[in-house]
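Here is a quick tour for someone meeting this structure for the first time. Take a look at it, then read on.

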Amino acid sequence: MTRSRDGGAMTPPAKYRALLAAVVAAIVAVSTAIFVGVSSDEGTKGRGGLTGRGGQNNPAAPASTGTWVGSWATSPVRGEPGTEIRGLAGRSVRNVVHTSVGGSSARVTLSNLYGQSPLTISHASIAVAAGPGTPAALAGTMRQLTFTGRPSVVIPAGSQVVSDAVRLTVPHDGDVLITTYSPTPSGPVTQHPHARQISYAAVGEHTRDTTGTPYTERSTSWRYVTALDVLSKESDGTIVVLGDSLTDGIGAATGRNTRWPDVLSDRLHAAVAAGRDVPRYSVVNEGISGNRVLGDGLGRPPENPSGLNRFGRDVLDRPGVKVVVVVLGINDILRTPGTADPASVVGGLRSLVDRAHARGLKVVGATLMPFGGHRGYTDAREQVRRQINAEIRAGRVFDAVVDFDRAVRDPYDPRRLRREYDCGDHLHLSDRGYARMAESFDLDLLKGGGSAAL
C-alpha cells in the first residue's frame, strides 16, 4: 500500500482491491451458513433463534417466494405415562397432522420439553398422506428431514428444534405424515394427548417407509412434533387460537377434523376462494384440555402450562402471526376451589392482550359458554361466568368479541348448552356444536391489526 505526502494510507492498487473483495465475500458466505440448531422450549425466542426459521440452511430448500406461516400446530402438554424410562427407543413414530393451508416447502418443530435427558433423533421424514386414516404416504412425496444439513439431531431436555426447510407440495386441508426415529432411551416422551386424530408407531427404523405396513401401533396423542410451517402463496399470515378443551376438541369425532378452528379454517378458505374481502390467513389450534388463564399444572416444567405461561412459545413464536383468538377462562372457574375471582381472570386476559399488542397483533376474545348440568356447576360459579362475560361484551378486554355463549346456549335456559350442541357432559360440544361456534365467528373481525408498543 502506498502513502500520501502527509503519511496517510492511499487507495490500494486494483489487483489488491479485487483480492480484498474476494476475501470479504468468502467470509460473509461462511458466516451466513453457520446457524445454531437448538433452542429453549420455554418462553419467547427471537425469530432467528431457531433452526430453519428462514428456511435457508438446507440446500434442498427452494429459492421461492411466499410467506412462512403455520399450517398446523399443537402445544406440548406433559410427558407420556409409561415412557418415563426408555421413552420410545427403537420405535418409529408417525404423527398424522391436518393442514390449514398449503405451500411449496415445509419445516417441522420437534420438542423434548418434558424429556429428562437428551433426545436423539437419528432419522426423520415428512410426506403427504395417501389419504385420511392411513399411515401410507402418497407416491413421490416422501422427504428426509435434516437439521442444519444433517440427518440426525440431539435435542437437550427442555428444548426444541426446527428442521431445515424441504421442498414439498403441501396441500391445504390435507393430512401430512411426520415421522421420527429415536435409537436410544430418552425418558418421558413429550406429547399432546386428546389429539382427536389417530397416529402410528412401528418397531424399528421405518421413517422412509411409504407403504404404512410396519405401522401397526395406534395412538391418539401427538408425540414430539409441535408445529408444521409452510412457505405459502395462499396465505399472508397466521391466526393462533389459544384455548382449552373447547378448542382442543373434546367431544368431536376422532379423525374427522371437526374442532371449531378446523371449521373456521375451512370457512376462511372458502370465503377467500369466493372473492370475499377477508384476510388470507391460516388457522392453528393451540388448545389444551383443562387449560387456564392463570394456573399451571404440577411439575417442572409444569404440565398443562397456563395461557400466561405459554403465550410466548405458543403464540408469539408462531411464524407470521397476525391475529390471536383467546378462548380461555372456563377452567379458571371450574378448577378454583370455592369461587374464582372474576377480576383476577379478567386481569389475566388483559395481560395476554397487552403482550399481543406489544407485537402489533389483533386479539379477538370469546365469551365463556354455559355449563349448567355439568358436575362442576354451582350458582356461584355461574355468577362468575356472567361477570366475566359482561366485561368481555362491554369491550373492556379484547379488540373484538365473538359471542360463543349467545351462539350455543339454550334460549329457554341460558345456563345450559342447547341440547343438539351438547356432547353429553354439559360442558363440551358435539360436532354440530363446534360447527355452530365456527359459523358464528364473523370473518370481518379478522381484519385490521392490534396496537403496537411504543
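Strands (E, at least two residues) and helices (H or I, at least four) are DSSP runs, numbered from the N terminus, and two strands pair if DSSP finds at least two bridges between them. What you see is a predicted model, where local features need pLDDT of at least 70, side-chain atom pairs count only at pLDDT 80 or more, and totals for chains, interfaces and linings use all residues. Residues are numbered from 1 along each chain as its sequence is written, and side-chain values use heavy atoms, with hydrogens and water left out.

**The sheet**

Let's start with strand 4 (residues 91-98), which runs antiparallel to strand 12 and is joined to it by 8 bridges. One of the pairs here is His98 with its bridge partner Asp175 in strand 12.

**What's covered**

Is strand 12 mostly buried or exposed? Buried means under 20% relative accessible area, exposed over 50%, and partly exposed in between, using a 1.4 Å probe on protein chains only. For strand 12 (residues 175-182), 8 of the 8 residues are buried, so the rest of the structure largely encloses it. Asp175, Leu177, Thr179 and Tyr181 cover one side, Val176, Ile178, Thr180 and Ser182 the other, and all are buried. Strand 14 has 4 of its 5 residues buried, so it is largely enclosed too.

**The pockets**

Rolling a probe the size of a water molecule over the atoms shows where empty space is left. On a 1 Å grid over the protein atoms alone, a pocket is an open set of points where a 1.4 Å probe fits, with protein on both sides within 12 Å along at least five of seven lines; lining residues have an atom within 4 Å of a point. Points are joined across faces, edges and corners, and a volume is the space filled by probe spheres set on them.

| Largest | about 430 Å³ | Ser289, Gly290, Asn304, Asn331 and Arg335 |

Helix 2 (245-248) and helix 5 (330-334) are the elements that give two or more residues to the lining of the largest pocket. For the second largest pocket, strand 2 (67-73), helix 3 (260-273) and strand 19 (281-287) each supply at least two, and helix 3 gives the most, with 4 residues.
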